[in-house]
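Before reading about this protein, look over its sequence and its model.

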Amino acid sequence: MNNIEATLFLCFFCIFSSSNVHFAGAKQTAGNITPSENPFTPKAYLIRYWNNHINGDSPKPSFFLSKASPLTAVDSTRFASLASNHALNTHHSDFCSAAKLFCFPELAAHSLEKHGDDVNFAAYSGKNFTNYGSDRLSGADSFKNYSGGDNIAVDSFRRYSRNSAGHDDGFINYAGEVNVADQSFTTYATGTTGGSGEFTNYNTDANEPNGRFTSYSDKANGRSQTFTTYSENGNTGDQSFTSYSKNGNGAPNEFSGYGTGSNVVNTGFTKYGESANGANDSFTSYGENGNVPVNEFKGYGDGGNGAVYGFKNYRDQSNIGVDSFSSYAKNSNNEKVNFVNYGKSFNLGSDNFTGYGQDNVGGNVSFKTYGQGQSFKVYTKDGVVFAHYSNNVSSNGKTVNKWVEEGKFFREAMLKEGTLMQMPDIKDKMPKRTFLPRNIVKNLPFSSSAIGEIWRVFGAGENSSMAGIISSAVSECERPASHGETKRCVGSAEDMIDFATSVLGRGVVVRTTENVVGSKKKVVIGRVNGINGGDVTRAVSCHQSLYPYLLYYCHSVPRVRVYETDLLDPKSLEKINHGVAICHIDTSAWSPSHGAFLALGSGPGQIEVCHWIFENDMTWNIID
């Protein structure tokens, strides 16, 4: 034992020798401390905290204790000391690894430099491609199944194919089915002549896809770019195209099936095609069937010459959605823009056209079967044609059901033994993380005013995906509570216990659905047990937030009924799971556009709404 460890051990002994802790052994089993395990670990401390703050009749759930930090006693004290001295960032990688946090992996220090032969990258990931393919004359590179299935896919393509001639790049099945994808294409194909870039099945079925295309094809001459099924079925995430095809000459770009069926994917096109000459861009089925797609076109085609832009089936059949076109085709010469079946959403979205086509000389703009409420500001008065324009398009709740997963919300009457019902996807999509010990969390910044310091602690560069993830979580936690709601974000198990007991008292029990068997399948409801006799009661629900450490958004839920039920296989009728469901009796404060009302019909305050407790979420209730 070195001097530091000896000092730490003596400190621990002094603290606990004066408390009611007995070390007849030290291993933790079934929520107790027994022989062979260090009693000073964060998990051992959590068990003692539970015993001291929750009534003895409440069982210690293994799923809750499993979220305790895996740090050793020595590491816990060391990192707490670094945090209190604002020096945790100096041990960022060590901290992330030891505490099992969600941190983006560091890219390989080296880059794959210039090459002369065609290269095929298959089943490849986590690399830094700098100056790769620069000045390349013809040839082709293929990225197939790149970063596919990774938990965290982080790749950097910087100055890739720069100043090349006739060089083809293909990204096929790139970062598909990953959890939190982060790709950066900086000055990609800048100054190229001819050649093509193809992105097929890019970020398909990804959770949190984040892509940045900066100065992509800038000053390119005759180079074509194709995005096919890009971010299809993606869940949230952001895509950014900045100075894309700026100053390009005859460079066609095609976006086909971009964001189709995605859930809240934000896309920004800034200075896209600015000052381009003879560009030909096509957006086909862009954002189709999406759920609240958000797209921003800023300075798109500004100052262009003879360009042609086509939007066909853009945001068609989507749910709501927000688009912003600022200075689109402004100051251009002979540019043509065609919108066909634009924004025929089932639920009214929001479009904002500012400075659209202003000072466009010799060009024309055509809207055919445009179906949204609109805001046109400083719009060119000549050369604009609206055909079959429909304002305030909407439809009934049955039509929009496809944006709410079947079984995600249901009525209380479904919770009857023998009912056959669809189970939604209850699997946890978040990266695996653990709580931090309270002595570390309390020394970490967590506010929008200290956002720069949080980024520094977790190695998040400004404008990076991690910076956005952190900012989003902090913003949600700082959001004012809804009427009648009490809320708190917690990053330690002890803080969650404190919040739950402050609302419900010390006689509480925490529950979650037992496993994920039956997820996305039909199940039969078995034996049903109403918590607290099936009476209306209070609960504290805790839902995960995406953050470097395990962070929960906990809030009080008044006027609910909570149920436990066996879930049975429809064919064998054997028990496959034990589900926990919560029914909200009072929905009067909910938004009319809440997914529950889209799925079930009706509106706020008119019906009760039930849902399952998903994997790794939990509900606290007063013990029976």
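A residue counts as buried when its relative accessible area is under 20%, as exposed when that area is over 50%, and as partly exposed in between. The model to which these words are applied here is a predicted one.

Gln-422 is a place to start. This residue belongs to strand β24, which covers residues 420-422. Its relative accessible area is 16%, so Gln-422 is buried. Leaving aside residues up to four places away in sequence, Gln-422 touches Glu-406 and Gly-407, and also Lys-520, Lys-521 and Lys-522. With Lys-520 there is a polar pair: a polar atom of the Gln-422 side chain lies 3.3 Å from the backbone oxygen of Lys-520.

Lys-520 itself sits in the loop between β26 (508-511) and β27 (522-530). Its relative accessibility is 55%, and therefore Lys-520 counts as exposed, whereas Gln-422 is buried. Although Lys-520 is not a glycine, its phi is positive, at about 65°. Lys-100 also has a positive phi without being a glycine, with a value of about 55°. The loop that holds Lys-100 runs between α5 (92-99) and β3 (119-122). Because its relative accessibility is 46%, Lys-100 counts as partly exposed.

Next come the helices. Two packed helices are described by the angle between their axes and the distance between the axes. For α2 and helix α9 (residues 493-504), the axes come within 10 Å and cross at roughly 15°. Angles under 35 degrees count as roughly parallel, so α2 is roughly parallel to α9. The crossing of α2 and α9 is right-handed. On the α2 side the contact is made by Tyr-45, Leu-46, Tyr-49, Trp-50 and His-53, and on the α9 side by Ala-493, Glu-494, Ile-497, Asp-498 and Thr-501.

The loop between α2 (42-53) and α3 (62-65) contains Asp-57. Asp-57 counts as exposed because its relative accessibility is 70%. Asp-57 and Val-509 are 452 residues apart along the chain, yet their C-alpha atoms are separated by 9.1 Å.

Where pLDDT is low, the predicted coordinates should not be read in detail.

Conventions:
Residues numbered from 1 in each chain as written. Predicted model: local features only at pLDDT ≥ 70, side-chain atom pairs only at ≥ 80, totals over all residues. Heavy atoms only, no water. Helix = DSSP H or I, 4+ residues; strand = E, 2+ residues; numbered from the N terminus. Buried < 20%, exposed > 50% of the residue type's maximum accessible area, 1.4 Å probe, protein only. Polar contact = N/O pair within 3.5 Å; in protein donor to acceptor, adjacent residues only side chain to side chain. Contact = heavy atoms within 4.5 Å. Axes fitted to C-alpha atoms, helices over the stretch in contact; angles between N-to-C directions. Parallel < 35°, antiparallel > 145°, perpendicular 65-115°, else oblique. Left-handed = near helix turned anticlockwise from the far one by under 90°.
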